[in-house]
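I opened this entry to keep track of what I looked up.

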Amino acid sequence: MNKSKVVSLLSSTAIFLSLNSMAPSVSANSQTLNDLEQQKEQLQQEKNKINGDINDAEQEMQSLDSKREQLNNEISEIQNNIESIIAQIDEQEKEIARLEEEIEKLNKEIKALEEKIEARNQLLAEQARGVQVAGSPQDLVDIVLSADSLSDLVGRIEVINVLVKNNKNIMEEQIEDRKAVEQAREEVDLAKEETNRVKEEMEVNRNQLLAERKNLDNKIQVVTEKYNLTSNERDQLLSKQSQVASKTDAIDQEMTAEKERIAAEKAREEAEAKKLAEAQRKAAEKEKQAQQVKTASSTKKSSSEVSSSSSSTSSTTTTNSGGWARPAGGPITSEFGYRIHPILGYNRLHAGTDIGGGGPITAAKAGTVTVAGYHNSYGNYVKIDHGNGISTLYAHMKSDLRVSAGQSVSQGQQIGTMGTTGSSTGVHLHFEVHKNGTPVNPRNYVNF
């Protein structure tokens, strides 16, 4: 295999490596997964809070339900007491009705007795007129009527003696009837008084029990309203819980899909890396074989080629008319500009020029180092300010950086060594030129 074919093969392989070095890593793609996990954690915290609120609401409902049941039992007991008292009142009212009938009967008897007494009074008055010796007949009648017994009348007045003798039976009946009337009236009054007292007492008890029943009804209403309110709150919490569960399920599905996508992308990257490593190994093997053939054919030719190679390498480090020098030896594997990303599959800007191979990296122009450190995508990199808004960036270097931030460097001074750190799958230099902070084509400044 001749030299041109080897260079062509190496160039193709380096281009492929360079394109893959600019692809975002799986860790960068997993940011979406981290965001989903954070959202899921927030939803889980919200779900835990809702569950706690639901448990509190259900406990409150159980407590209110127990209170309502207790109040219902109290109402049942009071209702039984009310019914018992009402039954007693009904019996008492029947007794009152019976007594009133008895009173009415006694009143009729009293009236009949009073009529008999009045008739006797008329008879006695007529007899007194016929036998009186002094005073008026009415005075005699009053004396008779005021006596408590028949013996009380004897001996008072002669006229009374005459009347008593003539009307002994009548007087006795008169006095007994009058006593019977008075006793009957007393019994009626006592019965009425007792009946009214009992009835009033029973009415007071019933009214008191009814008031207690009303008070308990009000308590039950308050408990029921609070129970219904708590029940509504629980239903709202259950609805919210269902919504959170739906969101969590949706995020779980997104996370599963994202994990599958990341796994597939990782597998694809590993396959591409393996493929590139195999291509690089084959290219190195072919180059080694070609070198062995050349060495075996002629030592002089080999020396000549080495001299030619040294001369070529030396020419790459010379400055151009603008005062810029090539930062490294090796073929250009990828130019500045937009291209279809080999992994992501869409058009994006490649912000620099890639130089394949290996070896030292030098400053393209004198300036001051502003950054010498590590970046997830650039890996170990150096950035140099050249003044007038122009700066250069050197990426994917090995960890043995030769400069530090704040250091002044001269053109051609070594600042590091080509490596494959950061987002890179092969050894090369990613070289950028910035004008006022914006990437521009390095070919506008450096002759490659």
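**Charged pairs, then cores and confidence**

I began with Lys49, which is exposed at a relative accessible area of 57%. I note that the model is a predicted one. I then looked up Asp53, which is partly exposed at 27% relative accessibility. The side chains of Lys49 and Asp53 form a salt bridge, 3.1 Å from N to O. I located both Lys49 and Asp53 in helix H3 (residues 31-131), where they sit four residues apart, about one turn of the helix.

How many salt bridges does the count come to? I got nine salt bridges by the rule used here. I wrote down two more of them.

I found Glu335 and Arg443 joined by their side chains in a salt bridge at 2.7 Å, N to O. This pair links distant parts of the chain, 108 residues apart. I placed Glu335 in the loop between strand E1 (332-334) and strand E2 (337-340), and Arg443 in the segment after strand E12 (438-440). Glu335 is partly exposed at 35% relative accessibility, and Arg443 is partly exposed with a relative accessible area of 36%.

I also checked Asp235 and Arg234, whose side chains meet in a salt bridge at 3.8 Å, N to O. Asp235 counts as partly exposed, its relative accessible area being 37%.

**Cores**

Next I looked up the largest nonpolar core, which has 22 residues. I listed the residues with the most contacts inside it: Val382, Ile384, Tyr394, Ile415 and Leu429. Strand E7 (379-387), strand E8 (390-397) and strand E11 (428-435) each give at least two residues to this core.

What does Ile384 touch, leaving out residues up to four places away in sequence? I noted contacts that include Ala363, Gly367, Thr368, Val369 and Thr370. Also among the residues touched by Ile384 are Ile390, Tyr394, Val409 and Ile415. Apart from this core lies another, of 13 residues, including Ile75, Ile89, Ile220 and Val223.

**Confidence**

I recorded a mean pLDDT of 77 for the protein chain, with 75% of its residues at 70 or more. Over residues 1-28 the pLDDT is below 50, and this stretch has 62 contacts in the model beyond near neighbours in sequence. Residues 299-316 also stay under 50, and I found four contacts for them beyond four places in sequence. Where pLDDT is low, the predicted coordinates should not be read in detail.

Terms used. Residues are numbered from 1 along each chain as its sequence is written. This is a predicted model: local features need pLDDT of at least 70, side-chain atom pairs count only at pLDDT 80 or more; totals for chains, interfaces and linings use all residues. Side-chain values use heavy atoms; hydrogens and water are left out. A nonpolar core is a set of buried Ala, Val, Leu, Ile, Met, Phe, Trp, Tyr and Cys residues joined through side-chain atoms within 4.5 Å. Buried means under 20% relative accessible area, exposed over 50%, partly exposed in between (1.4 Å probe, protein chains only). Contact means heavy atoms within 4.5 Å. pLDDT is the predictor's confidence in each residue, from 0 to 100. A salt bridge is a side-chain nitrogen of Lys or Arg within 4 Å of a carboxyl oxygen of Asp or Glu.
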